[in-house]
Amino acid sequence: MDKNQKAYLEEKFGNRANFNEMERVLYSHDIAAIPSLIAPLIGKTVPDAVVQPQNEEELVNLVNWARQNNIALTPRGKASSGYGGVLPVKQGIVVDFFRLNQILSIDKQAQTVTCQAGVVWEKVDAALAKEGLTVNLYPSSYPGSTVGGWLAQGGAGFGSYQYGWFRENVVSARVVLPDGSVRIFNGADLDLIADAEGTTGFIIDLTMKVQPKEKLEIIAIGCPEAEALQQIVEDIVKADLPLWSLVFINPRMAEMKNRSPLMEHNGHPVEERVLLPASYVATIAFHKKDATPVMAKLQEILRRCQGEILSERIAEHEWKNRFKIMVVKRLGPSLVPAEVVIPLSRLGRFMAEVENKINQPVVKEGTVIRKGKDGKPEVVILGFIPADQRKFSYNFVFSLSLSIMKIAERNGGRAYSTGLYFKSKAEKVLGADRVARLKAFKNKIDEKGIFNPGKVIGYSLMDSAMIIGNAFEPLIRPFGNYVITHIGERKNYPVSDIPADVVWYAYSCSQCGYCVEECDQFYGRGWESQSPRGKWYWLREYLEGRAKWNQAQVDTFLVCTTCELCNLRCSAALPIEPSWMKLRGKLINKEKRMTFPPFEMMAEALRSEGNIWAGYRKNRADWFPQDLKAKHGPGHKAPAMYFAGCTASYVEHDIAIAAVRLLDKAGVDFTYAGEPENCCGTPMLVAGKWDLFADIMRKNIEVVKQTGANTVIASCPACDMMWRNVYPEWARKLDIDYNIKTRHYSEIIAEKIKSGEFVFPANNMQPVKVTWHDSCHIGRGSGVYEPPRDLIKAIPNVQFVEMEHNREEGRCCGSVLTLIKDPSIAADIGKTRLDEAVEVGAQKVLALCPCCQVQLRVAAKKKNIPVEIVDLAHLAGNALGYDFPDPNPDVHSQWGVFDAFISLMTPQGFAKLMSSMWPQLIDAMPFGMGPMMRAMGKIPGALNLMKPMFPVLFPKLLPMMLPKVMPVMLERVAALIPMPDYMREQMPELMPKVMDNLMPHMIGDVVPLVTQPMIDYLTGKNR
Ligand SMILES: Cc1cc2nc3c(=O)[nH]c(=O)nc-3n(C[C@H](O)[C@H](O)[C@H](O)COP(=O)(O)OP(=O)(O)OC[C@H]3O[C@@H](n4cnc5c(N)ncnc54)[C@H](O)[C@@H]3O)c2cc1C
Ligand code: SF4
Ligand code: SF4
């Protein structure tokens, strides 16, 4: 792609076109790990650009322009397929459908939904549920794949027993054709689009049939042999049982599941181990209303066929975890896939033959389709062989997928799909007639062959390899069978300084994409590099020597908000957020790379005054109510100590005041440490400044010991999480005696409400409709979901509504890291959260995290969102008759200062600052260089000749110059940033330390920005 072509895309798509090298690598693959011997046959797959159209007009214009410029276009949904369809084998442009993700209409009468192609199943189904409907069927990649992707790829899934293949459930599809026209396909014409993987047109939206949402009954059945399973399913079909879905796993899969790691939180398993029997386990779903006839018949069938109904626990567990099939990948850490469709009548034989011929543990999942392509029942078998893609032997194990394919074909079966690898099998997969129609259509509308070249039909080197591989399969098979397969996690050694467990996880990640859509860093920016999936892939690139750390990549890991949503969504139960946390320590604390610059200012303020807002320690306790001092203030002995944290102490005083009022009214005996209290350390933990974190933690533990309390009561969720989860773990690590319990005030008050010890009196507050924002650290972090709700519900005149994403699924507000790194992205993320509140008609969003409240208030103001952010204790305190200071003025003014510091502490900010003080900087140059530079400025062209020396000179000179220019620098900073007095007073002490820490990292980016302005100054151009 040439410069002009890039410029065109930049002009048309702005920041929705991406040319960044690493980003393009992240859009160059799908879920398959290609063996090293096959990769060269595919060739280069890194696109020249990734583009995200957001409407039909943009897509049509892109298609017309690409055709005129002969540029290949490869459509991409969520890249959760594994047939190479999304690989841009002719480079060109990857067209990412991420922004075409709206549900356009739901027709309850006709029972159809129309949605854009890029919407994921989970989102469509959630919208349908509000109307009492649900989708007819879905793939098991439901949390992370798109509806357009499934129509283009073709497939069957949950619900296929009743509803068949997805294509049969599609009413129509609106498609942009390669000639730039837009056409609606329906009826038999859908054959030209379905399973065609975007080779004939880009699906922009589609209408599909849906069904009324009814309660499901889930039954698990076990049987020892595949033959018996076949018999059971055949009998079920014969008996015409009204099932919706029938899926099963083989005994090896059951065994692997039993061995798979459980989901963890804070390093401990947080789910129950449900052991599966070493047999075939089928999970059956049907409508509850059909339960009586189904169960009667089923029992009879099972009696005949050596089957048994397994426990409810197993059924429940299998259904709950139906999307999490990739957990077995943790034992590989790779899986060689083999996916085939076979007639139900050959299921037993196929399974037996695979067992006989493949001397590897083939784990299998099956999906039964009652009426298959020829009207008879068929079964989709997805087989996996555990392997290690880092080893050469992976090539041999991979070849066994051809053996499985051959066995399927011998049993009247076929490949599941075509894509890049099975074009030679297109006639078997799609039927000869359909292939002929597709070819004719493609030739007519895409003469230049720019739509997803190399897929579905046609011929490439890959096809020759497949044909040869097929022919020599009996000779290759022994090599695959000979490989010794190890099963189990082997987190043995770190690689390239990446901790051993993180290395293992990087390869265990299946790239399924469940974590992508809901990661706030992804939806805030829209690019793979920001998602957990992208980060794992980057780590693999790094581990294999194809990527290097740079500041942008360090920032990508640092900016994760630690919301922990990804941990819950991960199909492989990977501890994602804890892995990024480990990397923070490695990158910043150990390797001394640059953290986000504002953290340097916070760190210095914290070192000198114990808080991150640069307030004085002597003012820390100013908020504490006078009338409560004797009863709860410093010096009072009590079993519990209230810990206010920095933001409530210095910015949002209402939170702390209201929390202690509430505790007092509820009759809780507590004390408050006052001035000795320090920041809880969360900012330093996430900044990677772990030595400082440990230091603060020690001090805080000592403060509690001094008060004599054994329990900390927190109001701030981050403080709560530190005291509850992080301090105990670190104390263990550092051998510190830690015997402190943690309670959130909402837990204590909720208990008192429940026991009747505390009742809110009637009040005369205006009735108000509120919703609740589950802050990540109190929710997913500490598991406190219900107590705040119980408290809200107990307040008279308050009507409570839930937002769409709540409790475990609650969305992050976008603070603190995004707010510090990218305030504008933070506002977008905040808006996503607040829009949910507006949608449910809430007048107030209640929260209890000071940082969430700052972030949501700033976002609401920036985005003009008509909703008020109110602290929970503040509202509860109002209901008790107390008034509190309005936090909004302080929040906006203190945030204004912070925001200005964030802008200052960038290369651009520093360059601007330096440009305002050239006379002083030149005078401050050591070794008499100042006068020399001034003299050279008078010789035409002399300074330009020196330009290449500046990147070497500046880093050496600047440390010597900074102390001399500090007074004027402080003046300039004070003029740029209208700081409160206490902050300005501390600047002479804070600023030099901040500059000392930052400049060595930043100078490389600052020099190119200041070189020309300095030359201009010296030559008199800009004086
Ligand atoms: C954990 C897991 C479980 C899975 N379970 C199932 C299952 O039960 N059943 C099943 O069939 N598959 C399953 N898959 C495979 C995969 O998820 C499906 O094929 C899915 O439909 C792909 O959707 P996608 O959005 O990821 O599409 P992508 O993978 O992005 O694309 C698939 C193909 O469609 C093309 N394409 C994408 N969007 C468009 C568009 N708008 N217009 C034209 N062409 C387009 C792409 O170029 C590509 O060729 C599973 C995968 C995983 C990781
Ligand atoms: S913790 Fe939250 S922000 Fe961080 S990667 Fe996971 S989902 Fe994204
Ligand atoms: S991190 Fe988990 S959810 Fe995300 S792509 Fe990897 S396996 Fe899937």
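**Setting up.** I am working with a predicted model, where local features need pLDDT of at least 70, side-chain atom pairs count only at pLDDT 80 or more, and totals for chains, interfaces and linings use all residues. Residues are numbered from 1 along each chain as its sequence is written, chains are lettered from A and ligands numbered from 1 in the order in which they are written, and side-chain values use heavy atoms, with hydrogens and water left out.

**Cavities.** I looked for cavities, meaning sets of points on a 1 Å grid over the protein atoms alone where a 1.4 Å probe fits but cannot get out. Points are joined across faces, edges and corners, and a volume is the space filled by probe spheres set on them. I got seven cavities of 30 Å³ or more.

The largest cavity holds about 520 Å³. Its lining (residues with an atom within 4 Å of a point) has 36 residues, and A718, S815, V816, C849 and C851 are the closest to the centre. Helices here are DSSP runs of H or I with at least four residues, strands are runs of E with at least two, and both are numbered from the N terminus. Elements giving two or more residues to this lining include α24 (597-609), α30 (717-733) and α38 (888-904). Helix α36 gives the most, four residues. I sorted the lining by class: 28 nonpolar, eight polar and no charged residues. In that scheme Ala, Val, Leu, Ile, Met, Phe, Trp, Tyr, Cys and Pro are nonpolar, Asp, Glu, Lys and Arg are charged, and the others, Gly among them, are polar.

The second largest cavity holds about 130 Å³. Of its 19 lining residues, C519, P532, C560, C563 and C566 are the closest to the centre. Helix α22 has the largest share of this lining, three residues. By class I noted eight nonpolar, five polar and six charged residues.

**Cores.** Next I checked nonpolar cores, which are sets of buried Ala, Val, Leu, Ile, Met, Phe, Trp, Tyr and Cys residues joined through side-chain atoms within 4.5 Å. Buried means under 20% relative accessible area, exposed over 50%, and partly exposed in between, with a 1.4 Å probe and protein chains only. The largest core has 89 residues, and W536 and L539 have the most contacts inside it. Beyond its neighbours within four places in sequence, W536 is in contact (heavy atoms within 4.5 Å) with residues including Y505, Q511, L574 and W580. A second, separate core of 87 residues includes L9, F323, I445 and C512.

**Ligand 3.** I listed the shell (residues with a heavy atom within 4 Å of the molecule). Among its members are C509, Q511, C512, C515, R533, W536 and C570. The shell divides into seven nonpolar, four polar and one charged.

**Backbone.** I found a cis peptide bond from G332 to P333, with omega near 10°. P333 sits in the loop between α11 (312-320) and β17 (334-343).

E197 has phi of about 55°, and E197 is buried at 5% relative accessibility. Q511 has phi near 65°, lies in the loop between α18 (500-508) and α19, and counts as buried at 3%.

Terms used:
1 Å grid on protein atoms, 1.4 Å probe; cavity = no way out; pocket = protein on both sides within 12 Å on 5 of 7 lines; lining within 4 Å.
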